[in-house]
Amino acid sequence: MSAPELGRRLLEARPLLVFAMEQHQNALQGLLRRLSTGVLNLTRSQVPSLLLSIYSNKHQVDADLVRSIQQAAEGPEAPEAFYRISAYALRNIGHPSAARLLGQLPASMPLLVLWGQEDKFVDGSNARDISAACAARQQPCRVVNVANASHCAHDDNPDTISRELRLFLQRFESNMMQ
């Protein structure tokens, strides 16, 4: 099953998952830990195919990238990190949470959101929700939909990302000087 298909199925099952997580939290934490460890072990062997499904520009998926991801997945903290990411994702299926995190930032802090237009893993509505949340707080926000880029926009389209970051930092710096 592909990652986007798994995501769709989890989204459909979200109400049941949330209910089960609330009613049987301890049992489900143990199950999720075992499941996430199993998925992590499976994921280690599938790193090349997973990366190829994530990247728009397939030539970016080289031996060095694959090796760096595999090494991180074999570190002693990997199972716990994978469990925490899995638990967070399950709690937030279908509900963008990035906009809620804005409350932890000063409303005066400018925000740059770089979004790969071809991202198949995180829905583009998240960028719109962040932008709307910024507008409600009167927080400066710029959303850039990066063409020819997916979930790893910085690798898929590094020129656009670099240009946008430079422009953002220049504006940020000039505002700080005033």
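Modeller: On a 1 Å grid over the protein atoms alone, a pocket is an open set of points where protein lies on both sides within 12 Å along at least five of seven lines, whereas a cavity is a set of points where a 1.4 Å probe fits but cannot get out; lining residues have an atom within 4 Å of a point. This is a predicted model, in which local features need pLDDT of at least 70 and side-chain atom pairs count only at pLDDT 80 or more, while totals for chains, interfaces and linings use all residues. Residues are numbered from 1 along each chain as its sequence is written, and side-chain values use heavy atoms, with hydrogens and water left out.

Biologist: Which residues lie nearest the centre of the second largest pocket?

Modeller: The lining of this pocket has 11 residues. By class they are 7 nonpolar (Ala, Val, Leu, Ile, Met, Phe, Trp, Tyr, Cys, Pro), 2 charged (Asp, Glu, Lys, Arg) and 2 polar (the others, Gly among them). Nearest the centre are Pro110, Pro140, Phe168, Arg171 and Asn175.

Biologist: What is the volume of the second largest pocket?

Modeller: Grid points are joined across faces, edges and corners, and a volume is the space filled by probe spheres set on the points. For the second largest pocket this volume is about 180 Å³.

Biologist: Which element supplies the largest share of the lining of that pocket?

Modeller: Helices (H or I, at least four residues) and strands (E, at least two) are DSSP runs, numbered from the N terminus. E2 and helix H10 (158-177) each supply at least two lining residues. The largest share, 5 residues, comes from H10.

Biologist: How many helices and strands are there in the protein chain?

Modeller: From the N terminus on, the elements run α-α-α-α-α-α-α-β-α-β-α-α. The totals are 10 helices and 2 strands.

Biologist: What percentage of the 178 residues of the protein chain count as buried?

Modeller: Buried means under 20% relative accessible area, exposed over 50%, and partly exposed in between (1.4 Å probe, protein chains only). Under that rule the buried part of the chain is 29%.

Biologist: How many disulfides are there by the distance rule?

Modeller: A disulfide is a pair of cysteine sulfur atoms within 2.5 Å. The count comes to 0. Cys134 is in no disulfide, as its nearest cysteine sulfur, 3.7 Å away, is that of Cys141.

Biologist: Is Cys134 buried or exposed?

Modeller: The relative accessibility of Cys134 is 0%. Cys134 therefore counts as buried.

Biologist: Where is Gln138, which has a positive phi?

Modeller: Most residues other than glycine have a negative phi. Gln138 has a phi of about 55° although it is not a glycine, and it counts as exposed because its relative accessibility is 73%. Its place is the loop between helix H8 (125-137) and strand E2 (141-146).

Biologist: And where is Asn148?

Modeller: Asn148 has a positive phi of about 55° and is not a glycine either. Its place is the loop between E2 and helix H9 (153-156).

Biologist: With which residues is Glu118 in contact, leaving aside its neighbours within four places in sequence?

Modeller: Glu118 sits in the loop between strand E1 (111-116) and H8, and is partly exposed at 37% relative accessible area. Contact means heavy atoms within 4.5 Å. The partners are Ser56, Asn148, Ala149 and Ser150.

Biologist: What separates the C-alpha atoms of Glu118 and Cys152?

Modeller: Cys152 is buried, with a relative accessible area of 12%. Glu118 and Cys152 are 34 residues apart along the chain, and their C-alpha atoms are separated by 9.8 Å.

Biologist: How far apart in space are Arg100 and Ala133, C-alpha to C-alpha?

Modeller: Arg100 is in helix H7 (residues 98-101) and counts as exposed at 54% relative accessibility. Arg100 and Ala133 are 33 residues apart in sequence, and the C-alpha to C-alpha distance is 8.0 Å.
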